[in-house]
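The sequence and the model are shown first, and the description follows.

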Amino acid sequence: MAKSDWWKKSVVYQVYPRSYQDSNGDGIGDLPGLTSRLSYIKDLGADVIWLNPIYKSPDKDNGYDISDYRSIQPEYGTMDDFDEMLNRAHVLGLKIMMDLVVNHTSDQNKWFQESKKSKDNPYRDYYVWRDPVNGHAPNNWGSYFNGPAWKFDETTGQYYLHLFADGQPDLNWENPKVRDEVWDVMRFWLDKGVDGFRMDVINLISKPAGLPDGPREPDERYANVAKVVADGPRLNEFLKEMNEKVLSKYDVMTVGEMPGSTPEDAIKYTGLDSNELNMVFQFDHVDLSSNPDERLTKWNDEPVKLVELKKSLSKWETALDGKGWNSLYWNNHDQPRTVSRFATDDPKYRVRAAKMLGTTLHMMQGTPYVYEGEEIGMTNVHYKELSQYEDVESLNAYKEFVEDEKIVDKDTMLKYMSKMSRDNARTPMQWDESKNAGFTSGKPWFELNPNYDKINARDSLEDEDSIFYYYKKLIELRHSSDLIVYGNYELLDSDDNEVFAYKRHYNGETLLVISNFTSEDLSRDYGQNDGELLISNYKDDKDTELRAYESKVYLFK
Ligand code: TEU
Ligand code: CA
């Protein structure tokens with residue numbers, strides 16, 4: 001079918017339904033709650049909503065462990081509630097992109113329940129089962145969520161593979177029946193009218209032949225599975241098949257989540273004639289800070305160096321220009337809050353800093369994603385106690401590193417968690433200053449960030465100078481400018497560790513973007529004097545002067 005590139009001109013708003021809006025007082029966000037907030041998202045100017053999983057799930061990993069792909073998690077409502085939400089969104093001109101989680105299912109999924117019954121069960125080969133080797137797991141792979149990637153199952157005396165939690169067994173994509181099941185699930189939702197898929201860890205679906213051991217440091221218990229499994233031998237083939245059998249028949253948007261992928265991989269999967277995906281989520285810039293102790297990787301409290309950040313984002317901008325398409329994001333449900341991580345949540349600078357970060361990202365080439373609460377500058381929650389955390393990744397990491405292996409002490413780990421835990425992104429949306437921030441009339445499933453009396457949507461909507469209206473303007477600018485959508489990218493002064501400046505070029509026009517990433521007063525001259533100021537996070541413009549977290553965009557015709 002004929003397709004357009006509407007997804008290149010779109011801005012996506014991500015909703016983590018559990019934490020967005022509760023409608024019935026049970027403390028859990030739900031579909032009717034989201035429906036009641038669609039006009040807020042429309043008001044911001046977003047075109048597409050990416051909805052995190054809402055399928056039936058035992059919720060070991062907040063919906064990323066699906067037990068039934070065709071029904072709605074009762075906590076979130078009914079299929080009628082879903083249809084109502086979809087319909088209402090479409091009436092408002094909003095598209096809905098679903099999360100497609102098909103690298104693994106829940107261990108409660110009917111397929112797995114059958115699969116584990118016996119070696120000759122028709123569903124046995126839906127998953128990856130192997131005999132023990134010398135009484136141990138079949139290879140040395142570690143799970144993304146700590147511990148081994150294999151779990152022994154007494155019933156049949158074999159191990160099954162789980163790259164994530166042990167309640168998330170990996171599907172065996174080598175089995176054509178599995179692929180057909182996935183295509184059917186996709187058609188089920190597409191035929192309802194959904195507008196696309198965000199595909200969870202889709203670059204992990206093709207496992208290397210023979211499942212060989214991975215490289216491992218002497219002090220590591222398990223091999224880093226990312227290095228062995230990502231970008232497997234049949235990935236291109238599987239994605240092409242998906243496209244041919246399903247996606248090509250619908251005008252929808254697709255984004256593949258691809259931890260560990262390089263620009264070359266992304267071009268392979270999103271390239272103009274690859275017939276696979278529209279764009280990928282890459283991880284380079286969110287993986288920039290890491291613990292010098294390899295075993296701890298993401299658990300650290302190192303600030304990201306601006307030159308590194310510039311290098312990373314610019315590498316993707318340049319490499320994909322004219323060859324593929326970028327997705328642009330600062331945060332999502334797996335990452336700490338943008339303003340706390342890449343600038344500062346110090347109340348003195350927070351609003352400016354949030355606008356500065358928004359400008360820096362939204363003026364790039366690619367499809368921008370706004371994570372719920374980012375548009376009002378929500379911050380990390382800064383929990384102090386282990387008992388405040390919910391997330392399986394954080395809790396498993398604490399257990400392994402503090403309790404079992406003792407490679408880091410409790411206080412240090414809690415400090416890392418307060419900086420990096422996914423739970424920072426998962427505290428409920430802050431709607432107003434009433435009890436529980438207007439998120440629920442009951443007891444919230446997860447403790448709110450106590451700063452909701454100062455940071456909330458109602459205040460933002462009442463203040464014309466708010467981050468919300470600033471984001472709205474950024475989105476309007478994109479919608480009205482081919483230069484912003486299509487222009488190519490040129491980084492300026494790559495070695496400058498204080499200012500992020502770049503240009504975009506298109507049809508003889510140039511856009512100049514300047515962002516001060518520090519709280520200092522600086523001075524820089526990029527010839528901005530001659531340009532027309534399009535947007536800035538200060539009321540007045542002082543040319544070469546750059547005040548704390550100042551950000552400005554100029555047009556040259
Ligand atoms: O995340 C994939 C992934 O790579 C995560 O392990 C990510 O690196 C980590 O959360 C960052 O600390 C996806 C989903 O977005 C995530 O919520 C799921 O837990 C995961 O897949 C398993 O489905
Ligand atoms: Ca609810």
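## The ligand site

Around ligand 1 there are 14 residues, and the closest are Tyr64, Tyr144, Phe164, Pro259 and Asp334. A residue is near a molecule if its C-beta atom, placed from the backbone, lies within 6 Å of it. By class, the shell around ligand 1 holds six nonpolar residues, one polar and seven charged. Ala, Val, Leu, Ile, Met, Phe, Trp, Tyr, Cys and Pro count as nonpolar, Asp, Glu, Lys and Arg as charged, and the others, Gly among them, as polar.

## Basis of the description

This is a predicted model, in which local features need pLDDT of at least 70 and side-chain atom pairs count only at pLDDT 80 or more, while totals for chains, interfaces and linings use all residues. Residues are numbered from 1 along each chain as its sequence is written, and chains are lettered from A and ligands numbered from 1 in the order in which they are written.

## The annotated domain

In an unreviewed entry, UniProt lists residues 14-426 as "domain: Glycosyl hydrolase family 13 catalytic". UniProt positions are given in the numbering used here, feature names are shortened, and annotations may be inferred rather than shown by experiment. The span of residues 14-426 is 33% helix and 12% strand, and its end C-alpha atoms lie 12 Å apart. Helices (H or I, at least four residues) and strands (E, at least two) are DSSP runs, numbered from the N terminus.

Helix α1 (residues 31-44) has 14 residues and reaches 19 Å from its first C-alpha to its last, close to the 20 Å expected at 1.5 Å a residue. The expected span is 1.5 Å times one less than the number of residues. A kink of about 45° in α1 is centred on Arg37; the bend at a residue is the angle between axes fitted to the seven residues ending there and the seven starting there. Just after α1, Gly45 has a positive phi of about 105°.

Within α1, the residues Leu31, Gly33, Leu34, Thr35 and Ile41 are buried. A residue is buried if 20 or more other C-beta atoms lie within 10 Å of its own, exposed if 12 or fewer, and partly exposed in between, with C-beta atoms placed from the backbone. The buried residues of α1 pack against β1 (12-15), β2 (48-51) and α2 (79-92). In helix α10 (residues 350-362), the end C-alpha atoms are 18 Å apart, in agreement with the 18 Å that its 13 residues should span. Because 13 of the 13 residues of α10 are buried, this helix is largely enclosed by the rest of the structure.

## Residues in the loops

Asn62 lies in the loop between β3 (55-56) and β4 (68-72). Its phi is positive, about 40°, although Asn62 is not a glycine. Asn62 is buried, because 21 other C-beta atoms lie within 10 Å.

Glu372 and Gln14 are 358 residues apart in sequence, yet their C-alpha atoms are 5.8 Å apart in space. Not counting residues up to four places away in sequence, Glu372 touches Gln14, Val15, Tyr16, Tyr20 and Met429; two residues are in contact if their C-beta atoms, placed from the backbone, lie within 7 Å.
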